[in-house]
Amino acid sequence: MRKIIVLEFITLDGVMQAPGGPEKDFKYGGWSTPYYDEALDKIAEEQKQPAKDLLLGRKTFEIFASFWPEHEDIWPGINDVTKYVVSKTMKKSDWKNSVFLKNVDDIKKLKKSEGSDIQVSGSGNLVQTLLKHDLVDELWLLIHPLTLGIGNKLFADGTIPAAFTLVESTATPSGVIVANYKRAGEVKTGTMGA
């Protein structure tokens, strides 16, 4: 069985929308840029290697497909891995090794198949769907020291209760906390102070 690893840039209040640049109708696009330092660059490079198969929503796929085919020197292997795209409208792409999935059942079949781990970047709507259906095995979060108050959030209504174990963490000089979590099972409840 393949693991699905979600890698996200988020704010302290859980916003994941437009960390790298402007986005229509969202005035805070590019919020992660001031925190990008040498340490974070090194961590981001390590998380990309070796290149893993990708699971992407349509919007993120379109952004990636317009950039990465001509910039593989920045992310070696990105063009050779399989890019699984969840879309109801998109059926094909010129970016090699692109495979289109229609729904959650297709994602479940992919997860049960043989192959490398699968990494999800961006793809907010897709990540919300994965969390609602308990399909996330690991969360690799780059938590930035700011709040935005508005924007699409990583954990929205409908996310199932789930426990995660912190596997690794570090902080960069700019204050970004890098935290890797592994799915640990069901949420345990109890009483405090009993």
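Mentor: Let's sort out some words before we start: Ala, Val, Leu, Ile, Met, Phe, Trp, Tyr, Cys and Pro count as nonpolar, Asp, Glu, Lys and Arg as charged, and the others, Gly among them, as polar. Keep in mind, too, that this model is predicted.

Trainee: Okay, how do the residues lining the largest pocket divide up?

Mentor: There are 18 nonpolar, 19 polar and seven charged residues in that lining.

Trainee: Which element gives the most to the lining?

Mentor: That's α2, with six residues. Other elements that each supply at least two include β1, α1, α3, β5 and α4.

Trainee: Now T172, what makes it buried?

Mentor: Buried means under 20% relative accessible area. T172 has 6%, so it is buried. This residue sits in the loop between β7 and β8.

Trainee: Which residues does T172 touch, leaving out those up to four places away in sequence?

Mentor: D37, A39, L40, I43 and V178. Contact means heavy atoms within 4.5 Å, so each of these has a heavy atom within that distance of one in T172.

Trainee: D37 again! How do you know that D37 caps the N-terminal end of α1?

Mentor: Look at the distance: a side-chain oxygen of D37 lies 3.2 Å from the backbone nitrogen of A39. The cut-off for a polar contact is 3.5 Å, so this pair falls within it.

Trainee: And why do we say that the buried residues of α1 line one face of the helix?

Mentor: Those residues are L40, I43, A44, Q47 and K48. Seen down the axis of α1, they fall within an arc of 135°, so they line one face. Here's the general idea: an α-helix has 3.6 residues a turn, so residues three or four places apart point the same way.

Trainee: What is exposed on the other side of α1?

Mentor: E38 and K42 are. Exposed means over 50% relative accessible area, so both of them are above that cut-off. The buried residues of α1, meanwhile, pack against β1, β5, β6, β7 and β8.

Trainee: Which residues of α4 are buried, and what do they pack against?

Mentor: L126, V127, Q128, L130 and L131 are the buried ones. They pack against β1, β2, β3, α3 and β5. After α4 comes D134, with a positive phi near 55°.

Conventions: Residues numbered from 1 in each chain as written. Predicted model: local features only at pLDDT ≥ 70, side-chain atom pairs only at ≥ 80, totals over all residues. Heavy atoms only, no water. Helix = DSSP H or I, 4+ residues; strand = E, 2+ residues; numbered from the N terminus. Buried < 20%, exposed > 50% of the residue type's maximum accessible area, 1.4 Å probe, protein only. Arc of directions from axis to C-beta. Polar contact = N/O pair within 3.5 Å; in protein donor to acceptor, adjacent residues only side chain to side chain.
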